[in-house]
Amino acid sequence: MTVPPLFTASGWIEVIVGPMFSGKSEELIRRVRRALIAGQRVQVFKPKLDDRYHKTDVVSHDGKRFEAVPVEGSEGLYAALDRPFPHLVAVDEGQFFDDGLVALAERLADAGVRVIVAGLDMDFRGEPFGPIPALLARAEFVEKLTAVCVRCGAPATRTQRLIEGEPASYHDPVVLVGAAETYEPRCRRCHVVKTER
Ligand code: ZN
């Protein structure tokens with residue numbers, strides 16, 4: 001049994017952002033796997049409400065699969081943390097967490113933990129999303145990923161929301177019951193947000 005090397009005294013924060021379909025979770029998983037190969041203790045979390053989005057399925061290097069643990073907000077995340085803290089705490093769909101995620105990420109990084117948060121930097125309106133902007137400002141390392149615009153092939157930085165096939169309005173609620181909703185990656189030019197109600 002090899003003992004993982006002592007970690008550096010200081011932790012840090014990494015943030016992975018981009019629109020839907022830009023591979024944020026893939027990149028998160030890639031980094032998690034590297035840490036697992038190094039024998040580090042890792043915990044992966046996602047917000048509890050996340051069921052309609054993709055799963056974060058991490059395969060550890062001994063072949064065991066594990067999924068991101070759903071937690072109720074930043075307090076739920078803190079309560080679910082191993083003691084002593086793991087080397088790496090990874091958070092997927094970070095945009096759905098409360099603002100407490102920012103202070104928690106800072107606290108963990110101060111305590112020597114490597115923190116990785118993946119999430120949407122902008123909502124379907126193109127507005128900064130949840131705690132992600134504050135995390136971007138405080139992070140040591142930031143990666144902005146792009147998808148491919150389905151309209152013109154340019155780098156897609158925005159998420160287009162379509163309701164019954166039509167661009168969503170700025171004031172449409174985030175959750176619409178019974179409506180057929182789809183999302184697609186688009187560039188700045190092709191991203192459409194209707195402003196009338
Ligand atoms: Zn485009």
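Donors are taken as N, O and S atoms within 2.8 Å of the metal (3.2 Å for Na, K and Ca), and since water is not among the atoms, sites may look incomplete.

I am working from a predicted model, where local features need pLDDT of at least 70, side-chain atom pairs count only at pLDDT 80 or more, and totals for chains, interfaces and linings use all residues. Residues are numbered from 1 along each chain as its sequence is written, and side-chain values use heavy atoms, with hydrogens and water left out.

**Zinc site.** I looked up the ligands of the zinc ion and found the SG atoms of Cys149, Cys152, Cys187 and Cys190, at 2.3 to 2.4 Å. In sequence these donor residues follow the spacing C-x2-C-x34-C-x2-C. I then checked the geometry: the angles among the 4 donor atoms run from 101 to 119°, and the site is tetrahedral. Four donors get that label if all angles lie between 85 and 135 degrees. The ideal angle for four tetrahedral donors is 109.5 degrees.

Cys149 is buried at 3%, whereas Cys152 is partly exposed at 40%.

**Salt bridges.** I counted a salt bridge where a side-chain nitrogen of Lys or Arg lies within 4 Å of a carboxyl oxygen of Asp or Glu. The structure has 12 of them.

I took Glu14 with Arg31, where N and O are 2.8 Å apart. Glu14 belongs to strand E1 (residues 12–17) and Arg31 to helix H1 (residues 24–37), so this pair ties together parts 17 residues apart in sequence. Helices (H or I, at least four residues) and strands (E, at least two) are DSSP runs numbered from the N terminus. Glu14 is buried, with 6% relative accessibility, and Arg31 is buried too, with 11%.

Arg31 also bridges to Glu27, with the closest N and O atoms 2.7 Å apart. Both residues sit in helix H1, 4 residues apart, which is about one turn of the helix. Glu27 is buried, as is Arg31.

Next I checked Arg138 and Glu106, whose closest N and O atoms are 2.8 Å apart in a salt bridge. Arg138 is in helix H4 (residues 132–138) and Glu106 in helix H3 (residues 100–110), so the bridge ties together parts 32 residues apart in sequence. Arg138 is partly exposed at 45%, and Glu106 is partly exposed at 26%.

**Network.** Last, I traced shared partners: salt bridges join Glu14, Glu27, Arg30, Arg31, Arg114 and Glu143 into one network.

How values were computed. Buried < 20%, exposed > 50% of the residue type's maximum accessible area, 1.4 Å probe, protein only. Tetrahedral: all angles 85-135°; square planar, octahedral: opposite > 155°, others 65-115°.
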